[in-house]
Amino acid sequence: MAGTSGTGIAASYSALIFSAADFEVTSGANLGDPLGLVDELCLGDVYTLYDDRRALDLTVHDTTGHADHPGNRFMDRTAGHQVAAGSEVGAPGDALLLEGRLTLLAPDGDKIDLILIGHSPADGSEASLYVLPLTPIEPRVPYTLLAAAPDAGEVRLTDTTPVAFTRGTKITLADGTQRTVEDLSPGDTVLTRDNGPQPVRWIGRRTMRAVGACAPVVISKGTLSNESDLIVSQNQRVFIYRRGPLRLSETPETLIKARDLVDDDTVFIRRGGFVEYFHLAFDRHEIIYAEYIPTESLLVNAANLARLPEDMARDVTSTLPSRNQQPHFGTEADRSALERLKGKKT
């Protein structure tokens with residue numbers, strides 16, 4: 001059940017989560033069972049994430065006052081967290097509670113921490129359990145449960161990267177020429193769709209393992225009339241403008257996350273190795289051109305700042321005039337818009 005906008009419950013931070021039912025014991029005492037609460041688990045059980053499960057965007061409203069810090073945290077097990085507007089999980093106002101921290105061992109020896117999040121609907125319907133990976137987790141990989149603690153501790157939401165381009169992405173400048181994103185500098189003037197030439201105010205870069213939610217999406221050459229492959233983070237949104245009967249949503253302007261375009265043919269997730277991501281921010285949230293595809297700049301707000309490393313979050317907030325940019329006008333693509341884009345019947 002997706003949350004609706006217009007409720008006045010604004011997002012303090014957000015993260016990509018999975019349903020606990022997306023994980024199954026594939027070896028051990030609880031064979032065949034889904035992931036449950038701490039007191040239901042057996043150490044040594046092996047859990048596997050189903051291959052076809054999609055991560056969901058949980059937006060959180062923090063009533064504790066901790067959201068004022070640019071490096072936002074989802075704090076301890078106390079109450080004070082609610083589902084915010086725009087969430088793909090629950091409805092605005094639903095209660096959220098940290099139910100524990102799990103430590104699992106990957107086959108390569110890496111330790112993976114998962115946070116259990118309880119969701120209690122305000123309408124009194126059945127509660128549900130979700131899983132927040134603090135480090136990227138892959139489907140079809142067996143993870144052995146090493147530890148399970150009811151106290152999750154202090155949780156820093158840096159599980160995914162927000163809007164970002166990869167090394168080599170060509171950005172259109174104000175004079176119509178292109179420059180690779182790694183060669184841009186603050187002050188360079190970029191062509192924007194709505195506000196003409198605008199200077200880049202802040203550029204961030206970081207290198208991450210290309211696994212789980214951090215693996216990039218490849219939009220192959222020609223898919224969206226792009227002249228070369230466009231490779232971006234999974235949360236990067238592309239901008240599609242269609243009027244009349246070709247319109248994809250309630251407005252001609254539709255914003256679609258790269259991960260929602262994946263068809264495992266012309267658009268796919270590239271896993272493995274490392275990926276270098278670049279974040280571009282302007283005085284406003286802008287639509288710019290990457291490989292000639294209209295796409296967004298980093299939307300500087302609490303939810304996205306929480307996904308950046310703490311030093312990077314401080315840097316961007318000290319550089320830009322606003323840490324609460326308004327999103328570019330347009331409708332976030334829903335399932336029916338995606339089906340229309342892919343030529344399916346609604």
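I began with Asp51 and Arg140, whose side chains meet in a salt bridge at 2.6 Å, N to O. (A salt bridge is a side-chain nitrogen of Lys or Arg within 4 Å of a carboxyl oxygen of Asp or Glu.) Asp51 sits in the loop between β3 and β4 (56-62) and Arg140 in the loop between β9 (128-133) and β10 (143-149), so the pair ties together parts that are 89 residues apart in sequence. (Strands are DSSP runs of E, at least two residues, numbered from the N terminus.)

A note to keep at hand: this is a predicted model, where local features need pLDDT of at least 70 and side-chain atom pairs count only at pLDDT 80 or more, while totals for chains, interfaces and linings use all residues. Residues are numbered from 1 along each chain as its sequence is written, and side-chain values use heavy atoms, with hydrogens and water left out.

Next I looked up accessibility (buried is under 20% relative accessible area, exposed over 50%, partly exposed in between, with a 1.4 Å probe and protein chains only). Asp51 counts as partly exposed at 47%, and Arg140 as exposed at 59%.

Then I searched the whole structure and found 18 salt bridges. Arg54, Glu88, Arg259 and Asp260 are linked in a network of them.

Which charged residue is buried yet has no salt bridge? I found Asp45, with Arg53, the nearest side chain of opposite charge, 18 Å away. Asp45 is in the loop between β2 (23-27) and β3 (46-49). Its side chain reaches the backbone nitrogen of Ala29 at 2.8 Å.

Terms used: Helix = DSSP H or I, 4+ residues; strand = E, 2+ residues; numbered from the N terminus. Lys, Arg positive; Asp, Glu negative; His and termini not counted. Polar contact = N/O pair within 3.5 Å; in protein donor to acceptor, adjacent residues only side chain to side chain.
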